[in-house]
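Please go through the two chains below by question and answer.

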Amino acid sequence: MAHPALLGDGLAAVLVAVGAYCVARLAAGAPTGRGSHDAVNLGRALMALAMVGVLVPGWKILPRPVWAVVSAGVALWFFGRAFQLATRSRSRSPLGPFGMLARRDAVHGVMALSMVYMESVRPLPGRAGAAMAAAGDPVVALALMVVLLVSAVWQLNAADQLVALAHAPVGRPAPPPSRQAPRPPARSRSRPAPRLEVACHVAMCVVMAYMLALMV
Amino acid sequence: MEQIASRWMPPGWRRSLQLVLAAAWLTDGVLQLQPSMFSPGARSLPRVLAATAAGNPQPVAVSIRWAAGVIGAHSAAADIILALVQVLLGLGIAWRPSARVAMALSVPWALGVWWFGEGLGGVLHGGGAPVLGGPGAVLVYAVLAVVLWPDDARDGGPRSPAPPAARFAAAGALGGGPAKAIWAALWSAMAALSLLGGARAPSSISAAVAAVAAGEPGWLASLDRHEATLASGRGLVVAVVLAVACAVVAAGVYLPPRPARCCIGLGILVSLVIWVAMENFGMVLAGGATDTSSGPVLVVLALAYWPYRAEPAEPAVLRAQPAETSAELMEVG
């Protein structure tokens, strides 16, 4: 790999920031009561750490096989969660919120799968910075890259709607007026800084797509 | 809650096509950062740029060589900046508040890349035939930005809740007449370019296929060999057939919806055949490609002209989810 060190270092810095932010969200917001949301933060933090190790070989804190196993576990969890949500949203529009959550988890599964791919393929001998392996199948790398970039675009497009939903009060809608009884006001359990969350996702997707492009 | 729920809207057809354009810019930006761009080899950015000057008229060639020289002096930094601009254009189009600005900026940027990066697609020296990659993918990016110009009435934006009637997505901000004229001009030019220059030479197709086979995966290189054998000596036939097909596609948008769909479908087929058979998926699998070539963006353009079936507006744009969905969403999300 012959990419400039400055580029690798800069992208690693972005990932460190994303990882630190996700850890801070976990620490500040725990327990949110939303398992999926916490898992997203944990998954992102782990993947950011693994990606930094790929971009800057000196910062690799665990061997490649260990990262591959960790990433495979993360991928399995997210795909399982996506399947669960997709089943729940079957009766609703696939473009609706449940469908979107299922896709979000599926995309995190794809991100983890990309990490498995990057950590598993054999590095090409004689290439500088051999941590970026290039012995894989370019079709696989390109397919993963396209999924990630489409996800970044889709998420960014929906950012404002996600912000609105993040601040929505939690609770069931009011029953019909005839049966309406006094009920406590809806709780406002807003998700902190939803725009930053979208920015983290976009940054992760773009940097990971870049890393996959290096393997083509 | 009702207000929140009503804000949850999947993107409409026009907006979805804009998002594909955004993804294309983003992909190009990422591909721009491939290692070969930073290496001193034949695929380095300055050499790729300088190569496009060949055959162009003197003023154009001089300007391209000048740009290649400027970029060559600071190759790595220039490549990173070029990539960053494209990534920002993609992200800007994807984020609704900046979509207009990003799409407006993408037009001069695309035209600049078309001039300095693609040598005007070879249209001035007979190398702009569609089978040879002409008139250039990035030119289609500029056309897409124009015909898909954000229009709140049709994109589900906040300014207008009631989208007016439109026969196809590209008829948004421009109106049907100008949008059809753009389509007809582009495909007519492709028809003319098919018959000009070296594209109609007997061995043009086989030579072009052989030129793109290097470095491709085995299955694609094998496909290229079969194509070269099949097309050997048939350059003129292929050029005439392609020119007729492009002319039919150009005229198709002026027909009633049903035949228009057939013609636009033919345009999609032609784009995909050229993309797979001649452009080898934009040569992205060989490494070093900076875009996915013209096939995918021509398909997106065709979809922008695809006549709506029954409802002229986009019913999905204004379809809100039930209120309880938002509440349940917060519980699980």
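Q: Is A:K60 buried, partly exposed or exposed?
A: This is a predicted model, in which local features need pLDDT of at least 70, side-chain atom pairs count only at pLDDT 80 or more, totals for chains, interfaces and linings use all residues, and side-chain values use heavy atoms, with hydrogens and water left out. Residues are numbered from 1 along each chain as its sequence is written, while chains are lettered from A and ligands numbered from 1 in the order in which they are written. Buried means under 20% relative accessible area, exposed over 50%, and partly exposed in between (1.4 Å probe, protein chains only). The relative accessibility of A:K60 is 24%, so A:K60 counts as partly exposed.

Q: Which residue forms a salt bridge with A:K60?
A: A salt bridge is a side-chain nitrogen of Lys or Arg within 4 Å of a carboxyl oxygen of Asp or Glu. The closest N and O atoms of the pair are 3.4 Å apart, and the partner of A:K60 is A:E119.

Q: How many residues apart in sequence are the parts that A:E119 and A:K60 tie together?
A: Helices (H or I, at least four residues) and strands (E, at least two) are DSSP runs, numbered from the N terminus. A:E119 is in helix 4 (residues 97-120) of chain A, and A:K60 is in the loop between helix 2 (35-55) and helix 3 (64-88) of chain A. The pair therefore ties together parts whose separation in sequence is 59 residues.

Q: Is A:E119 buried or exposed?
A: The relative accessibility of A:E119 is 4%. A:E119 therefore counts as buried.

Q: Which residues are linked in a network of salt bridges?
A: A:R81 and A:D105 meet at 3.7 Å, N to O. A:R81 lies in helix 3 and A:D105 in helix 4 of chain A, so this pair ties together parts 24 residues apart in sequence. A:D105 also meets A:R104 in a salt bridge, at 3.4 Å. The linked residues are A:R81, A:R104 and A:D105.

Q: How many salt bridges does the structure hold over all chains?
A: Among them are the bridge of A:E119 with A:K60 and that of A:R81 with A:D105. The count over all chains is four.

Q: Are helix 5 and helix 7 of chain A roughly parallel or antiparallel to each other?
A: Axes are lines fitted to C-alpha atoms, for helices over the stretch in contact, and angles run from 0 to 180 degrees between N-to-C directions. Angles under 35 degrees count as roughly parallel, over 145 as roughly antiparallel, 65 to 115 as roughly perpendicular and the rest as oblique. Helix 5 (residues 138-157) and helix 7 (residues 194-213) of chain A pack at about 160 degrees, with axes 9 Å apart. Helix 5 and helix 7 of chain A are therefore roughly antiparallel.

Q: How many nonpolar residues are in the contact of helix 5 with helix 7 of chain A?
A: Contact means heavy atoms within 4.5 Å. Ala, Val, Leu, Ile, Met, Phe, Trp, Tyr, Cys and Pro count as nonpolar, Asp, Glu, Lys and Arg as charged, and the others, Gly among them, as polar. Residues including A:L144 and A:L148 of helix 5 meet residues including A:V202 and A:C205 of helix 7 of chain A. The contact has no charged and three polar residues, and the number of nonpolar ones is 15.

Q: At what angle do helix 11 and helix 12 of chain B pack?
A: The contact includes B:V209 of helix 11 and B:A228 of helix 12 of chain B. Helix 11 (residues 204-213) and helix 12 (residues 218-231) of chain B have axes 8 Å apart, and the angle is about 165 degrees.

Q: Which peptide bond is cis?
A: Most peptide bonds are trans. B:P135 is in the loop between helix 7 (99-116) and helix 8 (137-147) of chain B. With omega near -5 degrees, the cis bond runs from B:G134 to B:P135.

Q: Is B:S293 buried or exposed?
A: B:S293 has a positive phi of about 70 degrees although it is not a glycine. B:S293 is in the loop between helix 14 and helix 15 of chain B. At 13% relative accessibility, B:S293 counts as buried.
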